[in-house]
Amino acid sequence: MNTIIRAGWLSGMLICMTGLLSAQKSSVNEELIKADRQYALYAYNLAMQTYQQVLKDDPNNAHALARIGDCHYQLDHPEKSIEWYQRAIRQNNMSPDVFLRYGKALMQTGNYEEANDQFLAYAEKDETVGNHYAKACDYAIKAIKKESGWLLKNEPLNTDYADFAPTFLGSRVVYNSSRTDLMPKAKNADAPSGSQNFLLVTQQNPESGLLQKPQLLRSELQNARNEGPVSFSADGSRVAFCRNNFINGTRQIAETGINMSMYTADVDENGKWTNIKAFPYNGSNYATGFPSMSADGNTLVFSSTQPGGFGGWDIYVSNFRDGAWSTPRNLGSPLNTPGNEVTPYFDGESLYFSSDWHLGLGGLDVFRAELGPETVSDVLHLGSGINTPRDDYGFVFDKNDNIGYLTSTRDGGRGHEDIWKVTKRFDNEVSTADRKKSPSEEPYKPSEYNTEEAGDHHMLVTDERGNEIANAEIDLTDCYGEKGYTDMDGKFQFVELTKAIDCQVSIRKKGFREAVINLKKFGKQNVRVALTPETRQQYTGRVYDANSKAALRGVNVVVEFNDGSKQIETETDEDGYYALYLEPGSYQMVNFSKYGYVDQISRIYFDEEKNSVPSVTMEKSGYKKEDDYVDYRSDKPAEYNTDDEPKTTTILRKQNSDEQAKGAGQVAKFNGYSIQLAAMPEAPTDQKLGTYESLTKDGNLYVKEENKYHKIRLGIYPTKQEAEAIWKKVVANKANKGAFIVEERGLGDDLIIGAKTVAPKPVEHTTDLEPQTKKIVPVLYAIQLGSFSNEKSINIGDYANLRGLGNLYSHSENGYTQVRLGIWENYDVAKKTKETVLDRGFSKATIVTEQGDDPDIQEFIEPGASKTEAKKVKILGEKGARPQTYSTEETTEVEKPYYIRLAALSNPDRFDGSKLEDLGTIEKRAAPFSTGMTIVLLGNYVSLEAAEEVLAKVVKRGYKEAYVMKDEKGKMTRN
């Protein structure tokens, strides 16, 4: 009896506890939903309080911890966000995105080294973004130390509130402020705290040159709150302005929550705004603002988050013609990026803007670009002083008076955003073209542009500040076999040519980095080249035989950069010396190799204050020793002397793999000569190998694992003369400038050119040291269409217009799914099919190889060279899984070829088609003539009449630029 009662009591307690836990979990979820909504609505203070409530019940909730960090970051307190990000990343269920946000906060506090670590951690999820920001940290460490070319003063009119967006109005300055002492009392009374800002006007004090106490720009009757930023025509008769929802204390360029619309108006002689009109290309689901009006008032350069751009905010231009504004044109790359480009200011010659993606010091940095009639060129970072680790934007500058203004959240201000006066001392701008790669990686590719094809033509050579460079050597060997020099004005006059020449020109001048440019109409137009100063330093080292102590000549010395590809190569001279030009203050991996000796790799520090590095000793093949590793720094080097009797230096020793296979003292079979294109620690992806696919017409492309590196090579050529002939063709492409010839040993004869009559192979992975003793596996060919994260679903409809070309399937590798078409036994069939695939809009199509004995691909192999009729489609899952098979055979179903084109986007995932679901099915296809873009279609309809009937409804629902297209055998044409 008692036992039964006790059991019932325990059961009841368990039920109660389960209910309490369930209720607690439900409460936490409800609070999280509430907090996320507040965050999305820009209410960061409220959201932070709600997330704190979540942590009371669930102290280790990774999402809440990270979001509190996000709130501090958006409230312009990156230093406070850091501890919350640190707590979040210690949780098991933390999102990898936190690494990215944590890294950005660290950058804004100037902690670039630790930020770099967080970005590299994020690179495991998104290699492109993570490595980009890691590169930005490397750039910032160097750039922030350079002398500033600008003088800045904090304007006395700044307050504890947000003061921002200065612009010129004649000799006066108009700006926005959230200060409350000048605002109309009636407007203060009905507005939430911190939610309003007004337009103010001021002018310089003639004695101090600083701005005086401001007043309201417009009369109290006209002065609406939250209008701005603004921009005026030169005569002040026209104005473009925004209506914003900025909140005092919150970052104005936030990830979410910004609502901005743009308007234009006429300004009468009394300053009254009339004829106010909304910009016709405002949108309800995106923001448009930050206008810059041209001097005549007929051109608007502005920023927008409208669909179809490169990233977040992009910069656009629109012209006023025939009483209407033209459809905005995206200014494109290299100006716009996957990040945010905002606050453009066009002075008639240069376009100033701010970006959080172009390499800078952190947050938003100010850049300058040259804006031509059709293109943008020469994107330049304005350097330290103007830029800081915090947000710097809203830059305007009058070069005639050498005065400008800037909005910044930097330390030393009075409020959240402050206005700073700027004057220019000298140019210290840095070209983004110079920063695309490490300066040591390849000759500097300068800015270049062509002028009108008229009159005498010349090349003008200048430094980065535009100063002419006299006596610069112009190497025309590739053009018409001569060399020349610039005159005292920095000009080189072209020899009159009967026709244009497509060739390379090299420009050299002591103290500057060599520039190499391609000119397709050499001698038929003016060309300007800006040289960058030579900041690299020459370092010398020496290599000895470890036993005899004799200097070793002919040692191949190769610097391996972070991406693993071969970049710089030299050889030791007869005295064992070698020289390298590298950026000081950096670590580099240096590979030493010589036939008959054990390869060695050393991680060497190239000191800023010394121009020599420790000596290296090499053992002859057959010497066995455990691998050792010494981290060389010139401030504490391994001991060595400078006479001919060096002490032995311990270095990482890597026994040559083919020698290990053969046994100590034996030499692997010599195959011939190959061209090494790249080397990397990790096995190259198919996408990486695809970049060399065009070379397969000249040889076999293969990968050899050697010394813990995967080396991509082209070969194998029986004689060195044959290899050199192909090598010249390979390095003619600047992307392959680092290629070099190697002796190949220990491979099968099937890779030797001429050994057997076979078609060149795109890629063959050779990691076996004795491949000729193994069973020969046939190489098959397929076309890779795209690569996607395994988390992303693949829409088979995207590939519908490839029906009839081959079998669609997928291949999983390193967390990514590659969609492929194939599979063919004959390379020529694959190559011909690829041309058709490219014509149908798949611009990233690349030929790849498959192993013929792979059981998962057998049913996709097209036997014979002529058979190309598609049979089936399969998206393969994990190995062994048998997913559903989709037939692509032609059927007797009713043809529905008509579609409605809704948009063309670089990021199609941003498209929300929910309000069109009742009208048809949304499809996404690669844009036929626009690389990297995707067209979004609504379809499909039996007749043109049916499609046009739906089109009318689509336009009515806000898609005003939609139109009908027809699918004609896979090709989309406008109807």
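This is a predicted model: local features need pLDDT of at least 70, side-chain atom pairs count only at pLDDT 80 or more; totals for chains, interfaces and linings use all residues.
Me: Which residues of α2 are buried?
Reply: Tyr44, Ala47, Met48, Thr50, Tyr51, Val54 and Leu55. Looking down the axis of α2, you find these buried residues within an arc of 165°, so they line one face of the helix. The general idea is that an α-helix has 3.6 residues a turn, so residues three or four places apart point the same way.

Me: And which exposed residues does the face turned away from the buried side of α2 carry?
Reply: Gln49 and Lys56.

Me: On to strands. In what order do the 4 strands of the open sheet come?
Reply: As a general idea, side chains in a regular strand alternate between the two faces of the sheet. Here the order is β1-β21-β20-β19, with antiparallel pairing. β1 (150-154) and β19 (392-398) are at the edges with a single partner strand each, so one side of each has no neighbour in the sheet. From one strand to the next, the twist averages 25°.

Me: How many bridges pair β19 with β20?
Reply: There are 5, in the antiparallel sense, with β20 covering residues 403-408. Take Asp392 as an example: its bridge partner in β20 is Ser408.

Me: How many of the 7 residues of strand β17 are buried?
Reply: 6 of them, so β17 (residues 365-371) is largely enclosed by the rest of the structure. Strand β16 (residues 350-355) runs antiparallel to β17 and is joined to it by 6 bridges. Strand β18 (residues 376-381) is also antiparallel to β17, through 4 bridges.

Me: How many aromatic pairs does the structure hold?
Reply: You describe a pair of aromatic rings by the distance of the centres and the angle of the planes. The structure holds 24 such pairs. One of them is Tyr85 with Tyr102, a tilted pair at 6.1 Å centre to centre and 40° between the planes. Tyr85 belongs to helix α4 (residues 78-89) and Tyr102 to helix α5 (residues 97-108), so the pair ties together parts 17 residues apart in sequence.

Me: Is Tyr85 buried or exposed?
Reply: Buried, at 1% relative accessibility. Tyr102 is buried too, at 2%.

Me: Where does the charged end of Arg67 sit?
Reply: Over the ring of Tyr39, 4.1 Å from its centre. Likewise, Arg243 lies over the face of Tyr263, 4.3 Å from the ring centre.

Note on methods:
Residues are numbered from 1 along each chain as its sequence is written. Side-chain values use heavy atoms; hydrogens and water are left out. Buried means under 20% relative accessible area, exposed over 50%, partly exposed in between (1.4 Å probe, protein chains only). Helices (H or I, at least four residues) and strands (E, at least two) are DSSP runs, numbered from the N terminus. The arc is that of the directions from the helix axis to the C-beta atoms. Two strands pair if DSSP finds at least two bridges between them. Axes are lines fitted to C-alpha atoms, for helices over the stretch in contact, and angles run from 0 to 180 degrees between N-to-C directions. Rings of Phe, Tyr and Trp (its six-membered ring) pair if their centres lie within 6.5 Å; planes under 30 degrees apart count as stacked, over 60 as edge-to-face and the rest as tilted. A charge sits over a ring if NZ of Lys or CZ of Arg is within 6 Å of the ring centre and within 35 degrees of the ring normal.
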